[in-house]
Each structure stands twice: as C-alpha cells, then as structure tokens.
Amino acid sequence: YIKELGPKLSLFELSSSKFYHGKFIALDADIILFNNFSTYKSNDFKNKDSISFKQLINNFLSNKKTLTIIDEEDQFSEKHFFHNKNKFLITYSSFDENSDIYSNKIAYCIWRTQIELKTPTENIYFETDLVGKHNVHNILSIYSTGFALNIPTNYINLTIDKIESIPDRMQRIDLGQHFNLSIDYSETVEGISEIIKSIYESCQTKIFLIYGSSGDIDGFQNEASVNIIYKCTEKLFISNVNPKWINTNRLFYETIKGVSTDITFKHSGSVYDWIFELEKIPIWFQFWLYYYQNNANFYTFHNRSLAIRICLAMVKKDDILVISGRGSDEIYEKLNINGKKIQYYYSDLQEALWVLENLAELHDIKIKSNELPWKL
C-alpha cells in the first residue's frame, strides 16, 4: 500500500516478534539493514515472543532479491546463510578488513570518538560527539546504507557532525560540567548491559549508574538484573523507575532481592539489615548504613530525585554517569495508599539539569561529597 503511494524513500523499524504475531504477512523491500540480531534470536525459553532469526529469513526474505546490509561482528548474523540465499549483500565491521566497509582506526574518549573509515571507493575520516562502541556500529551502518543508495559521503559527514546526542539513547547532557552525563530510557538488563559493555570496551572505564525496577518488567527480570549490572559499574544506585500499578516498596525490594551474596554477606554481622530494612534503621545507625554502602559502592534510595542528587555530587572529573530507565518521560505513575493509581510530573532530565545548575555552589563551600555522609 505504501509503495503505491509513490514515496522516494520509506524507513521502517521492524521487530521479529511482530512477524511472529502475524502483524506482517509479507515483506518486500529494496534494502534491509539488520543491526540488532541478538533480539531476534533469543535462547531464553521464558521469552514466548522470540523467534529464531533464521526462521524469520526463511519465512520472509529468502526468496526476495533484496540488498541486505549486515554487521559482520554480530554473532547472530549468520553471514554464510546470507551468502547462500542472497547474492545482494553488503557487510560492515569495526575491524574486519574482509568487510565491504570497515574502520582502519578508532580513537575513543569519554567526550568524542574519532574514526577512520574505508569503503570500496574511498577513505573517510571524521569525529563525532557520540560515545561508545555501539555508536561506532550505528555509524558504520549509516555509511553502508549510504553506499548502497549512492549518497555522497560529504552529505553523511555533515549530517553526523550535527548530531550531538540522540534523544533517550545515551542522550548527553552538557552544561560545562567536568564529567560525562547521559540519560537513557533502557530499563531491561539486556539494554543496560549493552550500554555498560560498550562504554567499557571503548573508554576502558566503569560507569556510575542510576538504575531501577520497572512496573513494565516482570519480577524475575527485575530480580535477575542487579547482580549482572553491579559487576560492571563503579557505583550503582538503585531506585524505582515507574512503578505504575505495582506497589513501590514491593517493586523496590523485588530488585534488590537479586543482589549478589558478595554484597549481602559483606557486613552480615550488622545489627540492622542495611539492604532490605531501610525503613527500620534508626538515626543512630545511619553512620554505619552509609559506611556499608560506601564500602560496597551500592546505594539504595526509594526517592529517585535524592539518588540523582547524591550521585551527581559524587562523580569526579572524567567520570561517566548514566541515568537509566526513564529517558525524557515526564509522567510518574504509582499506587497511593488506597491502591489507586495516581500520576504526577517528574522528569529525570529536569532533575539532572537543576542539580547541574546548583552543583558549583556545593563545591564552592568545600563540602566533601564523594561519599556518604557529606563532610565539611
């Protein structure tokens, strides 16, 4: 139907689960870019919506004369299967010289990325404000698509140069602070883990992460996420993302329930349970609560605003802080004491901007905020 309307170019983002649900019955395209295979081929038996990538290709693409663009490095790309079924193929890679488009050299830092790129026709050099290995692959896919469509590379260069950050996707917030702050809407352990892994592989640094349980994710995923993410962070702050119809306390403890025994047994002789019984801790014990949290680099806050303020005060020069789970979402939903769902305005972005605007005053009065409690 769309093809009959006569557009010169139409872009679609497709999901294998939608094919599986019968949302699409046929697919005919001139160019198809596959750049997220891991979501198409899931070995998780609990994911009822998953469908194997090969099955997707067999059902919809194997007999189509479609130009296919694939990431050479993706473990699920099944390159040889493509070669057998489709002669129209372009591959890209961040290092493999056997690919059609690949990078000769990549220089990472927490602020910018420099890339030297080689295509079948020319060598390209450019810099971008986008950070992380995942963004290098995104850029390679853009140049591969441009090559397929015969788009002049100077047009692509100018376009990428104008991208300071992508809204909700590691969106960079810069008010002149000496550390890198990004906001991302990812709330699943898979999404957050990929971000952390990408930053670590490129910048060789662990991040400060504000992470929380979500009412959109089942209890098993919330519980399993913390232990995986904790190992890859410099400091981890746990809060709620958007409880919706789930009790906030239940959701909060559902997440920290998955904490590794390395953390829970570290101060097992404590008079009070410093992880699971925050509400029962008296004022006189708070010094030890802070001591345990500092020692484990693991902090828990029911109040998300407080988590953001304390974390922003802790980061040092050239650190990376990621606030995950909400992105630019401005509606916070939770159940009140009567069990009725209420909504009110709350934005991670606005909260972070407010803190950044006032952070200089905190530092001017020489408060030591690198750990809890703050000290003069």
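**Figure 1. Confidence along the predicted chain.** The protein chain of this predicted model has an average pLDDT (the predictor's confidence in each residue, from 0 to 100) of 77, and 75% of the residues score at least 70. Over residues 37-52 the pLDDT is below 50, and this stretch has 32 contacts in the model beyond near neighbours in sequence; a contact means heavy atoms within 4.5 Å. Mean confidence is lowest in helix α4 (residues 79-85), at 49, and highest in helix α12 (residues 304-314), at 92. Helices (H or I, at least four residues) and strands (E, at least two) are DSSP runs, numbered from the N terminus. Residues are numbered from 1 along each chain as its sequence is written, and side-chain values use heavy atoms, with hydrogens and water left out. Local features need pLDDT of at least 70 and side-chain atom pairs count only at pLDDT 80 or more, whereas totals for chains, interfaces and linings use all residues.

Figure 2. The structure holds 2 cavities of 30 Å³ or more. A cavity is a set of points, on a 1 Å grid over the protein atoms alone, where a 1.4 Å probe fits but cannot get out; lining residues have an atom within 4 Å of a point. Grid points are joined across faces, edges and corners, and a volume is the space filled by probe spheres set on the points. The largest cavity holds about 130 Å³ of space. Its lining has 14 residues, with D129, L130, V131, M170 and S182 nearest the centre. M170 lies in the loop between α6 and β7 (171-173), and has a positive phi, near 50°.

**Figure 3. The second largest pocket.** This pocket has a volume of about 260 Å³; a pocket is an open set with protein on both sides within 12 Å along at least five of seven lines. Among its 14 lining residues, L289, Y290, T300, F301 and L306 are the closest to the centre. Helices α11 (286-296) and α12 each give two or more residues to the lining, and the largest share, 4 residues, comes from α11.

**Figure 4. The cis peptide bond at P373.** L372 and P373 are joined by a cis peptide bond with omega about -10°. P373 is found in the segment after α13 (348-364). Most peptide bonds are trans.
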